[in-house]
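Here are my notes on this one, written as I would hand them to a colleague. Have a look at the model first, then go through the points in order.

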Amino acid sequence: MRSDPRRPFLAAAALALSMLLLPAPAAAQAPGWAQVRVGVEGNYPPFSRLGPDGQLSGFDIDIAKAVCERIQARCTLVQQEWDGMIPALAARKFDMIVASMTLSPERRKVLDFSDPYYDIPSRFVAKAGAFKDAAPATLKGRTIIVLRNSPRAKYLRERYPESRLLLVNKETDIYLELAAGRGDVGFGSSVVSAESFLKRPEGKGHAQLGPMVRLDEGGGGVAIAFRKGEDTLRTKVNAALKAMKADGSYQKLAARYFDFDVSGGS
């Protein structure tokens, strides 16, 4: 694999992550959490997007607003590029992250998480008819495009060691690179690949390849992230998510975007 261009970012991220492990100063706490700043992305449709009018929308955005209403907090959405999410949380730019962050053992070491609020399988995408399947032997020597610093990238390194990886900064970049011919296969969210690529003109001639993939054999899911030790806020958020699923409001919200159950069974 080629030299890693992420070294400067990873060094900065490592410093920021070490800050997350330190106890929060008492003065930084927000008693009752009547005001909460929420880190969101804005470039991951249908989960988050920034419209021409400057307004944020999408499933993550709706979840963030619904949770804030449930915990009776006045929330401010703070847009943040994906690579800077965790360092910005450590620097207290916001109090929690609602940006489709997948649970992983590495992230659990430096972050606390809510219960999962959705779980959508991954999918390979390639030119229609280019490959018979997505098995490691079939994709040996091929270039697979995937989001850097993600559980999917880790999955590919472990399961596809004889494939080359092209790491990109945003999920939507996977399909831009694939359409440009800079890789053979894309690997990302089954929903994002369909909505942001295959259903659009630029996706013409491409198709999903192989079966859906559940990372960690179906475990994991996507959750809201917090700094270590913010137990009061995390407890409030978990109670809100549980109530939303119990009274059907979560299902109504999800139905705006998906025609299948995204709750992961929880």
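How many helices and strands are there in the protein chain? The count comes to nine helices and 13 strands. Keep in mind throughout that this is a predicted model.

1. **Overall make-up.** The protein chain has 266 residues, and buried ones make up 50% of them. Take the contacts with a sequence separation of 6 or more: 70% of those are between residues 24 or more positions apart. Ala 90 belongs to helix H3 (residues 85-90) and counts as buried, at 8% relative accessibility.

2. **The H2/H8 crossing.** Helix H2 (residues 59-70) and helix H8 (residues 231-247) have axes that come within 9 Å and cross at roughly 105°. Angles from 65 to 115 degrees count as roughly perpendicular, and the two helices are therefore roughly perpendicular to each other. On the H2 side the contact uses Ile 63, Ala 66, Val 67 and Arg 70, and on the H8 side Val 237, Ala 240, Leu 241, Ala 243, Met 244 and Asp 247. By type, that contact splits into eight nonpolar residues, two charged and no polar.

3. **The cores.** Which residues have the most contacts inside the largest nonpolar core? They are Phe 47, Phe 59, Ile 63, Val 67, Met 96, Tyr 117 and Tyr 118, in a core of 44 residues. H2 gives the most to this core, with seven residues.

4. Asn 238 is found in helix H8. Is Asn 238 buried or exposed? Its relative accessible area is 15%, and the cut-off for buried is under 20%, so Asn 238 counts as buried. Not counting residues up to four places away in sequence, Asn 238 touches Ser 114 and Asp 115.

5. **Helix H7.** This helix (residues 190-198) is mostly covered, with seven of its nine residues buried. The buried set is Ser 190, Val 191, Val 192, Ser 193, Ala 194, Ser 196 and Phe 197. What do the buried residues of H7 pack against? Their partners are S2, strand S8 (122-127), helix H6 (171-179), strand S11 (185-189) and strand S12 (206-213).

6. **The disulfide.** A search of the whole structure finds one disulfide. Cys 68 and Cys 75 form it, with their sulfur atoms 1.7 Å apart. The angle about the S-S bond is -90°, and the link of Cys 68 and Cys 75 is left-handed. As for accessibility, Cys 68 is buried, with a relative accessible area of 5%, while Cys 75 counts as partly exposed at 25%.

7. Some background before the list: most residues other than glycine have a negative phi, and most peptide bonds are trans. Which two residues does a cis peptide bond join? It joins Pro 45 and Pro 46, with omega at about 5°. Pro 46 sits in the loop between strand S2 (43-44) and strand S3 (48-50).

8. **Positive phi values.** Gln 72 has a phi near 55°, positive although the residue is not glycine. Its place is the loop between H2 and strand S5 (74-79), and Gln 72 is exposed, at 71% relative accessible area. Asn 149 also has a positive phi, near 55°. That asparagine lies in the loop between strand S9 (143-147) and helix H5 (151-159). At 24% relative accessibility, Asn 149 counts as partly exposed.

Notes. Residues are numbered from 1 along each chain as its sequence is written. This is a predicted model: local features need pLDDT of at least 70, side-chain atom pairs count only at pLDDT 80 or more; totals for chains, interfaces and linings use all residues. Side-chain values use heavy atoms; hydrogens and water are left out. Axes are lines fitted to C-alpha atoms, for helices over the stretch in contact, and angles run from 0 to 180 degrees between N-to-C directions. Helices (H or I, at least four residues) and strands (E, at least two) are DSSP runs, numbered from the N terminus. Angles under 35 degrees count as roughly parallel, over 145 as roughly antiparallel, 65 to 115 as roughly perpendicular and the rest as oblique. Contact means heavy atoms within 4.5 Å. Ala, Val, Leu, Ile, Met, Phe, Trp, Tyr, Cys and Pro count as nonpolar, Asp, Glu, Lys and Arg as charged, and the others, Gly among them, as polar. Buried means under 20% relative accessible area, exposed over 50%, partly exposed in between (1.4 Å probe, protein chains only). A nonpolar core is a set of buried Ala, Val, Leu, Ile, Met, Phe, Trp, Tyr and Cys residues joined through side-chain atoms within 4.5 Å. A disulfide is a pair of cysteine sulfur atoms within 2.5 Å.
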